Amino acid sequence: MAFTEKAVVFLLMMMAAFQVSQAAVHKVGDSSGWTIIGNIDYKKWAATKNFQVGDTITVFEYNAKFHNVMRVTHAMYKSCNASSPLTTMSTGNDTIKITNYGHHFFLCGIPGHCQAGQKVDINVVKVSAAAAPTPTSAMASPVPPANVPAPSPNVASPFIVAKGGVGVLTLAMALVAFLTLSTHA
C-alpha cells in the first residue's frame, strides 16, 4: 500500500475516533430512571447535562405498565397536553439519538404524571463551530425552536471521562493499525 493510501486510511480512522469520542449516552433521571416515584426533578437533571448533537439522548428506562414517553411541542410540554404527541414510545427502554440543536420536549402521557413532574426538556446548545460537528440530518419529528432559557452548563459529567477514554482507545487502535500497515508495505 502506498504512503498516500496509508495516510488516507489513517485520516479516516482519526475522523472515526473523533466522532466516537464526541457521543455520550444520557439515561433520563440517572439511576432513578423515568418515574414519578421519588419526586425526581427532571429539570434539574437536564440542567446538569451537556447535550450535544450525536449523543444518544437519553435512554428512557421505566415500567411500561405504568409509564410512556411522548415527544411533544413546547406548548404541549408547558401545559402537560398529551392529546396529540409528535411521537409516543412505550417499550420501557426507549432511546433517542440527538441529531439537531434546540429543545426537545418529552413527557409521560399517563394522566397526572406530567403534572407530577414527569417531563423533561432536552436542550442541545450549539457550541463553537470549531468544537462541534455540523448536524447532517434532523430528528424524525423536529420541534420548532422555543424561547426557553438554556440550562446552566454542565459542571461535572461522568460521561466526559468515558467519552475521552473511548476516543483515546480508538485513537490508539488507529495508530496501531497505521503502524502495522506501514511496516507491511
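The model is a predicted one. Thr 99 sits in the loop that runs between β5 (93–97) and β6. Thr 56 is 43 residues away from Thr 99 along the chain, yet the C-alpha atoms of the two are 9.1 Å apart.

Now to the rings. Searching the whole structure turns up five aromatic pairs. Take Trp 45 and Phe 51: the ring centres are 5.8 Å apart and the planes meet at 55 degrees, so this pair is tilted. Both Trp 45 and Phe 51 are buried.

Tyr 77 and Phe 105 make up another tilted pair, with 5.0 Å from centre to centre and 40 degrees between the planes. Here the partners come from distant parts of the chain, 28 residues apart: Tyr 77 belongs to helix α3 (residues 74–79), while Phe 105 belongs to strand β6 (residues 102–107). Like Tyr 77, Phe 105 is buried. Tyr 77 has a further neighbour in Lys 119, which lies over the face of the ring at 4.6 Å from its centre.

Elsewhere, ring pairs join Trp 34, Tyr 42, Phe 60 and Phe 106 into a cluster.

Notes:
Residues numbered from 1 in each chain as written. Predicted model: local features only at pLDDT ≥ 70, side-chain atom pairs only at ≥ 80, totals over all residues. Heavy atoms only, no water. Phe/Tyr/Trp six-rings, centres within 6.5 Å; stacked < 30°, edge-to-face > 60°. Buried < 20%, exposed > 50% of the residue type's maximum accessible area, 1.4 Å probe, protein only. Helix = DSSP H or I, 4+ residues; strand = E, 2+ residues; numbered from the N terminus. Lys NZ or Arg CZ within 6 Å of the ring centre and 35° of its normal.
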